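Please read it with the model open alongside.

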Amino acid sequence: MRSLPKFQVALAAFALTSLSAFAADSTPKTVKVAGYVSDSQCGADHAAKGSNPSCVAKCIKEGAKPVFVDDAKNIVWTIDNPDAVKDHYGHHIRMTGTEDSATKQVHITSVAMLASPPAKTDKMDMEHK
Ligand SMILES: [Cu+2]
């Protein structure tokens with residue numbers, strides 16, 4: 001015991017870090033987020049080009065997983081319960097559910113169709129003018 005056992009200090013720090021991470025994860029908050037239902041094959045590409053239901057349906061048929069791409073940050077989220085969006089492939093929606101930003105996964109409890117295009121499309125229009 002000549003020196004302070006660094007390993008134990010590191011272990012204690014690690015335990016504290018993982019405890020707080022666990023605490024954060026155990027309280028998922030419900031969010032309402034607008035975005036596109038896309039697929040794991042094309043990811044955010046569909047959102048950039050606008051709604052493309054036929055490609056999403058085709059990719060999913062070929063084995064890709066449904067994903068959710070939010071309008072605000074263009075993040076591709078995996079969907080914990082893909083059945084929730086099975087009638088909305090390629091649609092612009094507002095989903096209600098919980099998101100886990102650590103694993104980039106959402107659990108969708110309800111889906112509302114959005115008719116209006118996302119902000120991205122507005123930006124693209126402005127660039128064209
Ligand atoms: Cu696709």
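1. Buried residues make up 25% of the 129 residues in the chain, where a residue is called buried if 20 or more other C-beta atoms lie within 10 Å of its own, exposed if 12 or fewer, and partly exposed in between, with C-beta atoms placed from the backbone. This is a predicted model, in which local features need a pLDDT of at least 70 and side-chain atom pairs count only at pLDDT 80 or more, while totals for chains, interfaces and linings use all residues. Residues are numbered from 1 along each chain as its sequence is written.

2. On confidence, the chain averages a pLDDT of 81, and 67% of the residues score at least 70; pLDDT is the predictor's confidence in each residue, from 0 to 100. Over residues 118-129 the pLDDT is below 50, and beyond near neighbours in sequence this stretch has 7 contacts in the model, a contact being two residues whose C-beta atoms, placed from the backbone, lie within 7 Å. Where pLDDT is low, the predicted coordinates should not be read in detail.

3. The chain holds 4 helices and 5 strands, which follow the pattern α-β-α-α-β-β-β-β-α along the sequence. Helices (H or I, at least four residues) and strands (E, at least two) are DSSP runs, numbered from the N terminus.

4. The 5 strands close into a barrel in the order β1-β2-β3-β5-β4, with mixed pairing, and the twist averages 55° from one strand to the next. Two strands pair if DSSP finds at least two bridges between them; axes are lines fitted to C-alpha atoms, for helices over the stretch in contact, and angles run from 0 to 180 degrees between N-to-C directions.

5. Taking the pairs in turn, strand β1 (residues 30-39) and strand β4 (residues 92-100) are antiparallel over 7 bridges, and T30 stands opposite T98 in β4. Strands β2 and β3 also run antiparallel, joined by 3 bridges, with V69 having V76 in β3 as its bridge partner. By contrast, β3 and β5 run parallel and are joined by 2 bridges, with I79 opposite V106 in β5.

6. Two loop residues deserve a check of their backbone angles. N74, in the loop between β2 and β3, has a positive phi of about 60° although it is not a glycine, and it counts as partly exposed because 15 C-beta neighbours lie inside 10 Å. K104, in the loop between β4 and β5, likewise is not a glycine and has a positive phi of about 55°.

7. Which residues of α3 are buried? They are V56, C59 and I60, and, seen down the axis of α3, the buried residues fall within an arc of 100°, so they line one face of the helix; the arc is that of the directions from the helix axis to the C-beta atoms. The face turned away from the buried side carries the exposed residues S54 and K61, and α3 is followed by G63, whose phi is positive, near 115°.

8. Finally, the largest nonpolar core has 19 residues, of which V37, F68 and I79 touch the most other members; such a core is a set of buried Ala, Val, Leu, Ile, Met, Phe, Trp, Tyr and Cys residues joined through C-beta atoms within 7 Å. The elements giving two or more residues to this core are β1, α3, β2, β3 (76-79), β4 and β5 (105-113). Leaving aside neighbours within four places in sequence, V37 is in contact with residues including V56, F68 and I93.
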